[in-house]
Amino acid sequence: MKSDMTDKEEVRPTLRILHLYPDLMNIYGDRGNVIALVRRCQWRNIPVLVNELNLGDEVDLSSYDLFFIGGGQDREQTLVCEDLRQRGEELRRAVEQGAALLSVCGGYQLLGREFVTWKGEVLPGIALFDMRTEGGEKRFIGNVAVRSRLDGVSGTLVGFENHSGRTWLGPGAKPLGKVIWGYGNNGEDGTEGCVYKAALGTYLHGSLLPKNPHLADWLILHGLCHRYKVEGLDPLDDELEWKAHEAALKRTQAEGSLGARITTFLRG
Amino acid sequence: MRNARLNRPTVRGSAHAARRSCGKVKMFLMATRETLAVCAGKAAMWASRRAGLGAGSNLPGKVALHLLPDLPRRIASRLPEGCALISGTNGKTTTANLLAHFFSLLGERPIHNRVGANLVTGITAAMVEDCDLRGRPRGRRGLFEVDEATLPKAVELLKPRLVTITNLYRDQLDRYGELETLASRMRGALATLDREAVLLLNADDPLVSTLGEDSQAQVVYFGIEDPRRQGEGIRHAADSKYCRQCGAHLEFLQVHFSHMGKYRCPACGAERPSPEIAALEVELEGARGSRVRLSLMGRELEVDYPLPGLYNVHNLLASAGAAYLLGIEPEVIAQGVESYRTVFGRGESFSLRGRRLFLVLSKNPTGFNEVIRTVKREGTSLPLLLALNDRIADGRDVSWIWDVDFEELASAARFVVATGTRAEDMALRMKYAGLKREAITVERDLRKALLQAVDRAGEGETVYALTTYTATLDIRRMLSRMGVAEQIWENARRKGA
Ligand SMILES: [Zn+2]
């Protein structure tokens, strides 16, 4: 790969994605995020490569541009937590050098300082994000809408959340956005997710990226810029993506209405 | 239990007579209260029917339980043949309906809860409907499909003689949290069954096959033994992949679909139990169903089974196994399997405007993947209707569609009409599965979508409608209103009532 990069004119920028623990951390359609990244590169004729990292695999993280980790149940999280700790420094270095990263739900929780489960078990994180998570009794479940600001551009994000962990950001952490409807990080301070350089953490699944094409492209662009000089991405016809985005936004609004609450009560 | 205690004289001495008459009053009040609960339940049922709430309403059960929480226990204790419960994530309705159908061939009509009404309220409603005003049941036995999370409560109330568990998938995690937690609650409930009870478990599901560990009941396993039925599961929708004994990753020697198959633990040697209720040979025949050679504890029979897909073979095994264990002869079971008509949208076909409509309920990744495999056998340029709802009964979280191999379906589709409350999500999934944008239509209105799909199909062609739970209900209702599905509705009503 080194020889490729000496000759920048000749080389077409390629996005190298590493899907972390797809076997264990795949609870809520997380695969959809990788599908979205791959398709959106293919539609633009950007060569894209996806590799998987499973427990114990020997992989050189510095050769990747974009990392993805999804959510998992308690048992999976414990297994992944141990393996991830061995690679914490390497992953933090990749992010420091500008690689993009998306972590969702259970994966997000493992990237903080620590995760103390409801049973009192302590899962030490890799401290990529300055935050800590505590298990709570009640699960936060439902559609979510978030207002986010990335690189100075404001926009909405939509998804579905289902977590019992409450995440608290430290003084060094920046949230991904503010909750418009839903619970977000902890259901109290109105923050959702975390951003550090081009690394994102969030509780939103749904899957997240197909319905939030601007976020998918933000990750792709940062992933590419990490190794190549790329000005921007060719626009795509995202009419269907935005339709789904709008529909999900409306869904969260409708859930807040009185009628919806009465219906829920009667059906329950 | 409480009945017995109420009848026993508890005090002696001078106050005896007074206390006894007090006891009689209590008994009388209790009986009155029971009659009251039954009456109120029946009234609520009548009212909710008048109000058009239909079979899915929880109201009658809620009302009756509110007046007498003990009512299901009382009615169940009067059933001479006791209760049989069917639980699991997928296939409980089909299994329960097949089993009810076997009994109907013998002229017996068990008390049976309706489609989807599988919580304590639904079971209570079915009992209230089928008993007289004093709570004496009209049937000889109860046959109930039970929601997985409700199983502990149902076991406690109904003291079942037979419990069947079909499978456990994590599709309902948004309701229950952890699959392991759910399984251990079920395991605990099954541990309370007595020695005379029978527990019929799916050997092919590594989590289900461990549910009888702590139980005194006689455990019987069912499973698919045909070595040719090697599918491609354990990819995206894999759920319980760990050894319960030692926590190691299970090794699959054969995968039927999803996480169902033959497995063993490489670390401690724990193995899939050998099934006594087995499908020895399965010939899949697409949407038409399959031909299956069965063994019921050594008694072999061969049947033409009208439900499509390998996942339905598990339902066949669960129902035939339960029937056999409850004393029904294999000949009757064979006759029942072949004469079974689906009561409720699990692979039915209708004729509509000169086209055929194949309607199949698909509610989670495993179900969908199996249906996709079945539909793919039908051609390479298929007209499709995909309906995705996110109502409570469907699961409000639709992210599971990204775990379904829609890529397989995209290559077999000519066009897709996406509909339902999450029509846009469905359309988007098909776009990312590789279907051209021009081949995808979004039409939120279910009726318009149905007609559009049918009209765009050619004369005599089949439209394949893959629909989630409430969307299936809605389409059935719609077809019924158009006069298309009337006959089958009639059947459903007779069976359910
Ligand atoms: Zn083991």
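Four donors count as tetrahedral if all angles lie between 85 and 135 degrees; four count as square planar and six as octahedral if opposite donors are over 155 degrees apart and all others between 65 and 115; anything else is irregular. Donors themselves are N, O and S atoms within 2.8 Å of the metal (3.2 Å for Na, K and Ca), and water is not among the atoms, so sites may look incomplete.

Some ground rules: this is a predicted model, where local features need pLDDT of at least 70, side-chain atom pairs count only at pLDDT 80 or more, and totals for chains, interfaces and linings use all residues. Residues are numbered from 1 along each chain as its sequence is written, chains are lettered from A and ligands numbered from 1 in the order in which they are written, and side-chain values use heavy atoms, with hydrogens and water left out.

**Exercise 1. Find the protein donors of the zinc ion and work out the geometry of its site.**

Step 1. Look for the donor atoms: they are the SG atoms of Cys243(B), Cys246(B), Cys265(B) and Cys268(B), 2.2 to 2.4 Å from the zinc ion.

Step 2. Check the angles. Among the four donor atoms they run from 104 to 118 degrees, and the site is tetrahedral. For four tetrahedral donors the ideal angle is 109.5 degrees.

Step 3. Now read along the sequence, where the donor residues follow the spacing C-x2-C-x18-C-x2-C.

Step 4. Is each of Cys265(B) and Cys268(B) buried or partly exposed? Buried means under 20% relative accessible area, exposed over 50%, and partly exposed in between (1.4 Å probe, protein chains only). Cys265(B) has 0%, so it is buried. Cys268(B) has 41%, so it is partly exposed.

**Exercise 2. Work out which parts of chain A the pair Asp65(A) and Arg227(A) ties together.**

Step 1. Start with the pair itself: the two side chains of Asp65(A) and Arg227(A) form a salt bridge, at 2.8 Å from N to O. (A salt bridge is a side-chain nitrogen of Lys or Arg within 4 Å of a carboxyl oxygen of Asp or Glu.)

Step 2. Place each partner. Asp65(A) is in the loop between β2 (48–53) and β3 (66–69), and Arg227(A) is in the loop between α6 (213–225) and α7 (239–255), so the pair links parts that are 162 residues apart in sequence. Helices (H or I, at least four residues) and strands (E, at least two) are DSSP runs, numbered from the N terminus.

Step 3. Check the accessibility: Asp65(A) and Arg227(A) are both buried.

**Exercise 3. Trace a network of salt bridges in chain B.**

Step 1. Take Arg78(B) and Glu34(B), whose side chains meet in a salt bridge at 2.8 Å, N to O. Arg78(B) sits in the loop between α4 (71–77) and β1 (83–87) and Glu34(B) in helix α2 (residues 16–50), so the pair joins parts 44 residues apart in sequence.

Step 2. Compare the partners' cover. Glu34(B) has a relative accessible area of 3%, so it is buried. Arg78(B), at 30%, is partly exposed.

Step 3. Move on to Arg73(B) and Glu156(B), which form a salt bridge at 3.9 Å, N to O. Arg73(B) belongs to helix α4 and Glu156(B) to helix α7 (residues 151–158) of chain B, so parts 83 residues apart in sequence are tied together.
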